[in-house]
Amino acid sequence: MLFVFGITANAQQISVSGVVKDATNGEPILGANILVKGTQNGTITNLNGEFSFSSVASNATLVIKYIGYQPIEIPIEGRKSLVIQMKEDAVTLNEVVAIGYGVVKKSDATGSLTAIKPDKLNKGMTTSAQDLLVGKVSGVVVTSGGGTPGGGATIRIRGGSSLNASNDPLIVIDGLAMDNDGIKGVANPLSTINPNDIESFTVLKDASATAIYGSRASNGVIIITTKKGDKNSKFQVTYDGSFSASSVKRKLDVMTGNQFKAYVDSVWSTKNPLITSADTLSANKIRGYLGNANTDWYNHIFQTALSHDHNLSFTGGIKNLPYRASLGYTNQDGIIKTSNFERLMGAIILNPSFFDDHLKININAKGMLVRNRFADGGALGSAAGMDPTQPVTSTDPMFASYGGYWQWRPVTGNTLATANPVGLLNQKQDISNAQDFIGSADADYKFHFLPELRAHLGVGMESSYGIQTLQEDSMALADYPFGRTGYSNQSKSNKSLNFYMQYVKDLGKHSINIMGGYEWQHFYRQEYYVYQGLDKTVYNTDLGQNVGYNYQAPPMFKTESYLVSFFGRLNYNFADKYLATVTLRDDGSSRFSPENRWGLFPSAALAWKVTEEDFMKDNSTISDLKIRLGYGVTGQQNLSGTLISNPDYAYIPVYSANISGAFYPFDSVYNATSRPDAYNKKLKWEETRTTNAGLDLGLWNNKLTASLDYYYRETVDLINVVSVPAGTNFKNVVVSNIGTLQNNGLELTINARPITTKDFSWEMSFNASYNRNIITKLTTGIGDGYYVSTGGTFQGTTQVFTVGQPAYSFWVLKQKYDSKGRPIEAGAYKDPNNQSLGKYTNLDAFVDMNGDSIIGDKDKYYFHNANPDVTLGFSSRINYKNFDFGFNLRASIGNYMYNAVQSGNLNVSKDGVWSSLGNFNNLMTSSLVGNFQGTSALTFTSDYFVQNASFLKCDNITLGYSFKKLFKVISSGRISIAVQNPFVITAYKGLDPEVYGGIDGNIYPRPLVTVLGLSLSF
Amino acid sequence: MKKNNIIFLVVVLFTMILSSCVNDLNVTPINPQQTQTFNQDEVFAKVYASYALTGQQGPAGISDIAGLDEGRFSIYRCLWNCNELASDEALCSWNDAEVVELNFNNWSSQSTITNGLYARFYFTVTICNHFMEQTVGMTDEKTLKQRAEVRFLRATAYYYLMDFFGNVPFTEVVSLTPPKQIKRADLFVYVEKELKACAATMYEPKTAPYYRLDKAAAWLLLSRLYLNAEVYTTVPASTGVTAVAGTPRWTEAALYADSVIHTSGYTLCPVFKQLFMGDNAGTIDGSQVNKAPDEIIFPIAADGIKTQAWGTSLFLIASTHATGMKPWGTTEQWAGNRARATLIKKFFVPNATGSGVNGFFSDGADLTTALTSSIKDARALFDKKSVSVNLNISTPTLFPQGFQVTKFTNIRADGGATHDPKYVDMDIPFMRAGEAYLTYAEAVTRLSSAQVGSYTALQAVNALRTRAGATQFTTLTLPNIIDEWSREFFFEGRRRMDLIRFKMYGGDTGYTWDWKANVAAGKNFPADYNIFPIPAGDLNANSNLIQNNGY
């Protein structure tokens, strides 16, 4: 500092002026921040991009910064007039990207990784970080769970390496590895971060890149770096906001009141040959239950939902203390009435440095408050199934005790009838409130006596609490007549600590970078609930007091796990042409028994920068060419999603205590019970071995860049829930290591800027991925045709894992069709008008594959699977003067779906419309095509319901206009209009072809959203 | 100075971190809902509870088995559906897959019902095995009694597995090694041996706390085992297997039944319908009126607040009731199970048009009192919902068709209030002394003798008929007896077994009932259907298993 000061003091003072331009199109940049390095002397460019300093040291250096551009430093060198060109801040080859426990120049990376910056302009409605990844990275498929406001998404990198164990990638936010389990109203770790705070994503795909994360890295790693302030930069305020309107796009084609009435009249007509004369009275009575209304129940549960989102950020640097603070508020209504999501987020980042930058500190705090009101999920199904001839409300006194809502219960006494969907929504308040705090602090110290050596210490914690309260009217059908009230809460607290040292040394053409460290992580979680009826009290002997009717309050649920790791990495670089990386990690997890506890995860990678070779120096076409080869081993120890009650103790034999309502008497004494739970002491983690070969190419000065990767991945000891032989464990299914899965894939990413002129520029990016997997070994059973059932429908196994087939293959009976092309149903009359012809048999309906004249499991065959063969993403943006126009397209090819909505509504017979319990069920008009009469359970396992769900989807289309200098305070800004989810092209017969897992239940529809956006810089 | 401080700090931290050790990985569960210690009394209670409850929370929650709707696939509801819906007694109006399959005798190895039945019984077997392993070598009086009862409950589970599935996997230990398949006849020998061993150690009859089992339970099950001995030891011919004729054991059946009748102290409850009412635990339920405990040897407990389940008595009561019927004591009404015409005809002869039964029926009438004395029978607990109701069911999915069964209610015999408006108090009389009378009568009749014990076959049957207020039989034939089984035990979860023994079930039997094999008039189905298929899932998981014939 003193030294620097000394020079400045002795230099000559001159006046300097200049202009700052965009390097690509020559446009002047207004509002750029210009600072004389090492001083507080700074200014901002004007409308024409111009600036001036009246008195500056002639040997000073100017630091120019502008959001969205790469910062640049220009030594004045005595010049009085300067033209400064700034490059747009796309992730370029010389930029550093985050990798595990460190950063690397993109050009020096040896593994398969994709770094992207959120597309600020073309983004639609983004309430979660996951929205920014959709369709943007080859090999990454993001499937949102539906249109629920604040809902989560499933992210799969290269198709997922696991079957039943979690396939979620590891998410690392500012160096803190998150746990993947959400809490009430916070769907996943990506929901804990404000999308506007994200500086960049790095997606690590192959094992040579991810192995440094060891046992949690099999499904890839997403590293998120948040925006930071800059040293000595000027205080700046930006605002980003959006207003949006969402509406439902498609509904199930259920009958209208008039259609339904006509249909009931026809199937319950005494002219229907399936109604015998004996049934005339019943048929007349049933028809008599039809109402006179023509209610579109969907209209009463859907709404056009308005949402708004506001973000303010403050950045600047006070001497050595750069800071950034942000505040975000989101209020989003769901398209199902009553659903609402409200969130307040705040974040502060401080990154001071000390001792001439020898010690850098990074302090990061993010907080979030979320309030989520959930619409009763049953309303969608009820709206589809509720009798459309009945009114929403009725003044008939019989409905008075149901809040006036028309219900079947008082009419026919049926306690299990379809509930009035409007009542379901309005008579229930189901609200979660969650708080989440993530804090981390890093210290990076460069040793004074040995600057090549750095020590890094990081500590981090996440603490969340969520409570979901329920209040259900005593008039609500669901818990009539006592109502229901109570809450459940969850809290989690995760801590982590890591320490590593890094030594970097250049010796002539050799350069080495060695890193070694240690990490300790602790995950803790607890849950508790109390529920009871509103109206009636009963004496609870356990508590010795009066409590609400049907009182339930188990002891608190608590669980924890630890992960302890040692890791190291060696990077070697020869002449900047040949690169090698070797990593090793040793992980110990408390989720496995001491015999299986430790796992070693090595990796190695090589890269050759071809363009650095002499023979390429003069090549003007190929500006960049790198060839990469890597191999690595990673693990998977996340058992969530495996149905087991507590994944942390899956290997420990435990007994579960009983809770309310489950005591067993001897004489008058009601005894507590204790149940041995299933466990698997042999359980160990999955291990994934990946080989990756890749090529990075840049053409015409990187106007076109492309990456091509091939990978072969084998996962052994797959964790899955498997049916165990009866008598061998305390449950019929146990989580086990079941076998081996292979994945083969190809990925291509192309980024191009075909046009870059002053007024007109065009950028596009394209990615394509091919992935095919096959199960090569199953170890839990033997024999031909051994399978592990998965994701089946309630009525039987329709999806399995079996050797030689892709994971999630459909396993179904082959449907036969009649001469008119209609599916044949076992047990139905061949001709209802001539019943003497008899009924179809199982053999009439399905192909007898093994020829034994019995239709059973052995006649099922493998018919496609739920995973796409190819996924494609394409985005394009055109800038013309102040206008920008962009869109994102995404396609998925070869994915099939079991249409469970259709199979669940297949019965169009008189028994399908009228339940003997006493209620009508509305039908989809499309179900009439199948004409199923509900006479055979085998129908549910028919290939008739497995349908091609390939699709082409437009995620969003955006049009924006940028402006400069507005009023006096606004330096620049942009307004935009975007349409999200405008169209889907698919042959799939269900509502939406995009359902994770391949079984299409009734999902919360993804809305069509129109977004009005506004960004301002002050 | 600063430099040194920092180096010092780094060194200290580094040491501290590495020692903050690997020992953290040795966790023990911190979850208060789970323990690692074997609590003998609580696990013992769980063994009993496995017949009544479906998980560790009532009426559903923390399920014992996975992949199936808990309440719909409880042990009792599964065995009830298999034995009743698939027989000449009950026809359910629901469209549920397992109901349709059983109603019309068309199930397969993929059926969820067989899967549920099997998984439930093996859950019981496994926790019994665990209890036996944990208490092995313990000789205190309490443990000896508990072990005898657990063995009995395990033998009962194996008895049902043998009855339903024939050759099944067999194990007495909890081990990861897949069990071997045992032949039905060998399992018969095992159950026989076990029941005899239990009978030696269990409580003397009527000395156990209520809901715990005594010797009489073992005797009664032994008599049932012997009564069906011929069926269980028969090996039908199939590919590569030569037929083996079964060995009848009528004498032992009669002797064990006689022990229940004359030695156990259990007697017939004077009022038949009290057996199936909300206060059928008698004084335990605070009822001075209900004498059901005189007769109930094995009650499956239910309580409106403390022992809640969807799949036991609540299922029986709710599934047989709907609006328009006389009060049944719970708000639940599922309008499902009702009598096939064949069952009604066991009591009454319909008139020529078949539209009524001798004109005695009016809406909501109590058939047991509305009848003329000549065919009055207190066991005819039927009802019909309206004038239009005919005993013949033309459309199986219409609940008002067919006669309703009013046998099971949550009404108390003493008129008092039950514990809960929804969840019921009625216990299931899973095994009751009444069975011994008919077993005795049948066994003795099959021996073509008048008596084996101190009692004639006619006396035994007439004891039941007298209690019911029905006319006395003067002669006794096997056709009388199979019908009497229905009159005494209809809808109590055993009919299929009796029909098989009388060769009136699968195969070319010459006996049909309405809607048998999905034909209104009834038709035969293959004899292979006398046993159910081993579920596809276990056949897949355990390579030791061979599927039963015909599946």
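Two strands count as paired if DSSP finds at least two bridges between them; helices (H or I, at least four residues) and strands (E, at least two) are DSSP runs numbered from the N terminus. The model is predicted, with local features needing pLDDT of at least 70 and side-chain atom pairs counting only at pLDDT 80 or more, while totals for chains, interfaces and linings use all residues. Residues are numbered from 1 along each chain as its sequence is written, chains are lettered from A in the order in which they are written, and side-chain values use heavy atoms, without hydrogens and water.

**View 1. Strand pairing between the chains.** Strand β33 of chain A (residues 655-657) runs antiparallel to β1(B), joined to that strand by two bridges. Opposite A:Y655 stands B:T35 of β1(B).

**View 2. Contact between chain A and chain B.** Contact (heavy atoms within 4.5 Å) involves 117 residues of chain B and 116 residues of chain A. The two chains bury about 9,600 Å² between them, 60% of it on carbon and sulfur atoms; buried area is the accessible area (1.4 Å probe) lost on putting two parts together, summed over both. On the chain B side, B:L25, B:Q56 and B:Q110 lose the most area to chain A, together 8% of what that side buries.

**View 3. The salt bridge.** The rule (a side-chain nitrogen of Lys or Arg within 4 Å of a carboxyl oxygen of Asp or Glu) finds one salt bridge across the interface. A:R675 forms a salt bridge with B:D64, their closest N and O atoms lying 2.6 Å apart.
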